Each structure stands twice: as structure tokens, then as C-alpha cells.
Amino acid sequence: MSSLLRKILRTRRVDEQFLRHSEWARRLGIPLMVALAGIKSISMMLFIILPFCLTQVAGPSTVLALIFAFLIIFFTAAHLSEISCTMPKNCVQYHFAYAVVGELPAFVIAWISLVDYVAQAGLFCKAWADHFNLLFRGLPAKSLTFDVFSENSSILSPQIDILTVLSALITLCLLLCSLRVVGTICVSLLAVTLLIAASCTMVAFFHSDPENWIKAEFFHFGYQGVLYSICALCACYTGIESTSCLLEETKNPRKRISGVLSFLVLVLTTIFFVLSITFSLSTNVTALSEGIMIPEVFSVINIPAAKYMLSVCSVCALSGGVLASFLPATRVIAALCHDRLIPYARDTSTKSPYFAVLLCTVLVSLCSMIQKTILLNFVIFMAPVKMIITILLVYIQHYYPEPIGIPEETSSYKSIGKKRTRVNIDDGVSIDDSVSSMAQRVQKPDDDESEVSHSTFDTTAFLYMKATKMETERLQRRLEKESIENDSEERQPVLAKSVSQYHSMDQNAKKHQKSKKHSHNCVAEQCGVDNDDDYNSQEVHLFANEEPELPFFSTFSSSAPRPPSPDVSFHNFNKSQRLLFLFCFMTSAFSTFLRNFAMPSTSCWLISVGFVVVILIFTVNINRLQTNDYLYKKESKVTLFPTASLFSLFLLLVSFFGSVPTRTLSHLIFISLTGFFSYFLYGYRHSKHRKTACLVIENRYSETADDQYCPIIGLDTSSSSDD
């Protein structure tokens, strides 16, 4: 049993190659990223979630629920930013869980995320078909809608609209193009959506009347309606969460993701707040029919021109929403296929994963047979579940005894001294190869004091650089020696001594070097084309990173805590897990108690106060634990950790367990169980990492006794002791 547990909780080896190397082409800048996230969130909010919340869930109290949703999203975005900077990979929650928690939990996280993304895409396609029929007054529905299933079915939709499948096929054709093309289309659609929505909102604003809130009763659906609306409004920010699936295709993600997420949260919240207030004040929302669409509100107000304009806006916005909703699902499929946890098909293109796009289109087309209300409830209550997962992973990162991912780098130091002269020394170590002697340092007389280059550095810096250069030369000799022993003829060195030489290598010579045991240059060659990447191959991946111009050493802080021993660190980590489990359990029990037994009585108040006191005790104990911030400095860090994390968890758990329908909860449990069964049916036996072992090339041949530097540069999957 213990052997099986170790195998299903096996973790991915996280090294520099995994963290920094990627075959995806980085095509997304800040405008395209904002457009993809914005068009998906705005279309979800305005045309899917907002009419549902106003008419069936919370009524005018949707405005109050939006405030709590903003607090949750604001802190959750900070957690997402931290974990994205730590491990800037597509589907970062999946990869982080794979590296820290284990393979089975990571697969379940990816599985439920995939089902959620597919449900979102199917929901967008259904909403697009409904608004397209509204724009053309139902004419397409007369010829493209067919009765297939029984009306008594609780899951399957009685009618199937061919427009839903047609929208998925159009998206398939567009996604086969470059991601930049998809982003450009979303930019155009977002601009049109914002302009038309702003004009229609202005029209509704002039017809707003506070008397409508009084007629509708602000808390018409009670406090459970507010909790339900909080979960629904959290789903409106799905575009922000989807950016975590495109990190490897984003330019400089670790520098930009934090600012972009904060900007999106503030802008989207402002837009949502204006929309919810305006439309809730324009009419008595509780008197509207349950299936009403937002453009039809202007029919109630008797403004047909605004209805037509908003119908055009809805088609444009939902078209962009369909495009953006396909992207995260395809990236999850590609990640699972790459690790061979689902049936594998290689995608050799770095523009778009063709197999994943095709499979996603088939799944979304099948969603046309499911009722829209089921998809909507599933998407609404999957949003807090995924946010809880993100917060828990960041919580683990802060208490894990070992550093995880990439720490804060000194890339900003590269900009120092662009106009300065380079500093060199005569011991063979040079900061800049373009200058070879100390005499070449020329200082202009008109330079001010800030432009003087510093010639006195810490001796440790130069010793470190000297050791690095010696290590690089020894690595070069070892690789050349190994290549000469494997082949009888003279061969070109497999490792360039500078990054600039990678692209100047002769392609024919590199093809000649191909053999069963050879080195592969990830910078000059593409991994996915010629390399079958099979687990029995002995492929060694070589890669290079830019080194900062100037060394950087962090100074000691007297206020920083002293690092504890390893035993104390693991004890602290285990204690943090126990306290977090108790905190989540008591919060869930408190929410369930309020949902089922809340009454205006003394006993109910006393029990509620008891729950709150116990939750506060666990919160205080968690805050007293020492985090692992002394190990390394993170690129992005959650402010007020762990108080902000526990506050977000409390709101999410109370909202989820206080409002989730039993039917939807059963669907969530069923999807999770299918993930377990799918893993044991295929992923457990075919996992790419089931025979992974480290390969340290420097330890194969020992020349001197000074071999103390042993950088790991690859993976050897041919030898393993466990299966």
C-alpha cells in the first residue's frame, strides 16, 4: 500500500530546464493579454451572469455581493500572481501541484479545470446562439433547432441548436492560426463591445429610478441569495484566472503578470459595478421573467433602438468570449498529453496545439446536448473551488521546507551602466568579453558622479565568476570527451561557449551528431520536431540563460528570523497543514450550520459565536507559524500573508457551502471521481515521469579531486529502480 501511495504521489523534478525552457512561442504582449481576459470576463458578466443574478438569485442585492466578490478576487489575484512568478508555466496550478503535492492530486486539479473550461466554452456557445437568434428575431432557430431528447430529461437538453456547433467549428478554424491573430480579433471585439455597452448603459442610466429597488426589495432572496451571487460573480472574473494557462506564451510573464492582474481586477470591478447598479435601477428586476436576456430589458423600458444595439454588442462580445474560452482548455489538454496522463498525440507546432484544439471542439460540441442551467451552475460553483485550490497551493509554498520555483532575480541590474564602461580584471574573469584589459576603461570627463563605474567589487563576486568559468570549461571538456568516445570520427563540440554561437551552428553537423545517446540543443533546435521524447531515450537537453552583468548579493537583515533545522522545518510544515485543515473544516461546518439551522434564537447565536471563536483561534495559531521566506526572496508575494489568505478562504468556503445546490454538488463530486478513475485507467501506467531519474554528467568521469560543482543538465529516463 505504501509503495502504491508513493507512486501516485510521485512528483515532477523541477530544475532550471523545466522552469526556464519552453517550446511555446511567446506572442502575447500586454494588450493581447488584457484583451483576452477582458472580453471573456465582460461577456460572461453582462450577458450570462448579470441577468441570472438579477432575476433568479439576488435581485438588487447583487451590488452588495459584488463588493464581497471584489475582495475575494483581489486577494486571490495576488495569490495567482505569486504562484505564476514562482513557476511561469502554462496551467501553473497543475504544474505546481505536480512538483509539490503529487501526480494524482495534480491530475485531479487539471481534470476538473479541463471540465470547467469545456463547460465555459459550451456555455458561451449556447449564449452566442441565443443572442444571435435574438438579433435576427428567431429566424435561424426555426431552421437550425431540432427536437432530439425527451423534455423530461434532467440533464440532456430537449432541443439542439446547430448554431452552437457552428460557433465551435468557426472557433476551430480561427484557433488553427497564430495566437496573435486570435488576440488581435479579441482586441477589436473588445473595443466594439465597450463602446456599444457604454452607450446603452448611459441610456439605461437616464431611465433609472431608486423606487425600483424598493419595489423589488433589496434582499428579496435572503442572505443565501447574496452568497449564491458571490459565487456567480466570482465566475465573472474567469478571464483573469485563464491567464495562468498562457504564461509560456506571454512575453516576460514574471515582470508583467502582477501588474496586469491588479489592473484587470480594478477595471473589471468598476465596469461590473456600473452595469449592476444601472440595470438594477432601470426596472423592477424581480418582476422580469427568469430566462430574460439583457437586451430584452430595453423592451420593458420601451427603447427598441437600444435593444437592437445591445443585441449587436452581445453577438460581438460572446464571439470573443467563445474564442478566449477555448484557449485554456486546449492548454490543459496539451499539458496532460505532454506528461502522457491522457492518450497522447504530439503537437509539433508552437503556434497552436492542433490535437488539443480538435479534441476541445469535439467536447464543446457535445456540450450542446446538456441543459444550459446545468452548465451555468457548474461553472458558477467551480469558480470558488479553483480559487480555493490556488490559495491552498500558495499556502503550501509559504510553509514548504524547501524553496520552490524561481526566486526573485536581479534582471533589473542589467540596465545599470548601459552608458558606463565595463569593468574588467586581469585574472581571466571578465564581466564583458568586448573589453579585454583594464586599460580599455575610458571615463568621459563630463560624466557626473552617478555615471562613474565602480571598479571595487566584493572579492567573493570575482571568485564566484572565476569558479563559474572553470566549471563551464570543465563541462565543455567532459562533453567533448564523451562525444569523441561515442563516435570514431572527429565531431564538432556539442556545447557552444557563448549563447551567440548557438544559432551559428551548422544544421547538417547537428543532424550528423544525432544518435541514441547524444546532446540536444534546445536553443538552436526545436525539441518537438526530431526528438520522439520517449522515456527510454537518453536525450540530454542543453539550454542557456542570460547572466546578469553585475553580481548581486543580498545583505543580512538583523530582523529576519534564523533558519531552523530541517526537522523543525518539516514539523512546522506538518503543523501548518493540520491547522489549515481544521480551519477549513470548521468554516465549512459553520456555513452548513447557518444554511440548515439558522434561526433568530439564543441557542443559534451562541453556537455561531462558538464557531467564530474557534475559527479565530486557528487563525491566530496559523499567523504565529514561521514561513519559509528566509530561504529565498519571492518575485511576487501576497500582502498580509497568511491573514489575507485565510480571509479569502473564509469568504469562499462560506459562500460555497452556504449556497451550492445539492444537485450541483453531486455533479462536482462525480467529475472528481471520474478524474480518479481516468488516472488509474491510463495515466498511472503511461505517465512520462514514472521512470524518471536524474542524470549528472559530471559524475561519470572524475578527473580531479576538485569536482565539487555538479550542475544537473538533463534527465535520464532509461534507468530506474521503481515501476
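Helices (H or I, at least four residues) and strands (E, at least two) are DSSP runs, numbered from the N terminus. The model is predicted: local features need pLDDT of at least 70, side-chain atom pairs count only at pLDDT 80 or more, and totals for chains, interfaces and linings use all residues. Residues are numbered from 1 along each chain as its sequence is written, and side-chain values use heavy atoms, with hydrogens and water left out.

**Helix H15**
- Helix H15 covers residues 304-338, and its end C-alpha atoms lie 52 Å apart.
- Of the 35 residues in H15, 27 are buried (under 20% relative accessible area, with exposed over 50% and partly exposed in between; 1.4 Å probe, protein chains only).

**Nonpolar core**
- A nonpolar core is a set of buried Ala, Val, Leu, Ile, Met, Phe, Trp, Tyr and Cys residues joined through side-chain atoms within 4.5 Å.
- The largest such core has 183 residues, and Phe326 is among those with the most contacts inside it.
- Helix H6 (residues 103-135) supplies the largest share of this core, 20 residues.
- Beyond four places in sequence, the contacts of Phe326 include Ala121, Cys125, Leu175 and Val364, a contact being heavy atoms within 4.5 Å.

**Phe47**
- Phe47 lies in helix H3 (residues 30-57) and is buried, with a relative accessible area of 3%.
- Residues up to four places away aside, Phe47 touches His131, Leu310, Cys313, Ser314, Ala317 and Leu318.
- The C-alpha atoms of Phe47 and Ile294 are 6.1 Å apart, although 247 residues separate the two along the chain.

Key: The expected span of a helix is 1.5 Å times one less than its number of residues.
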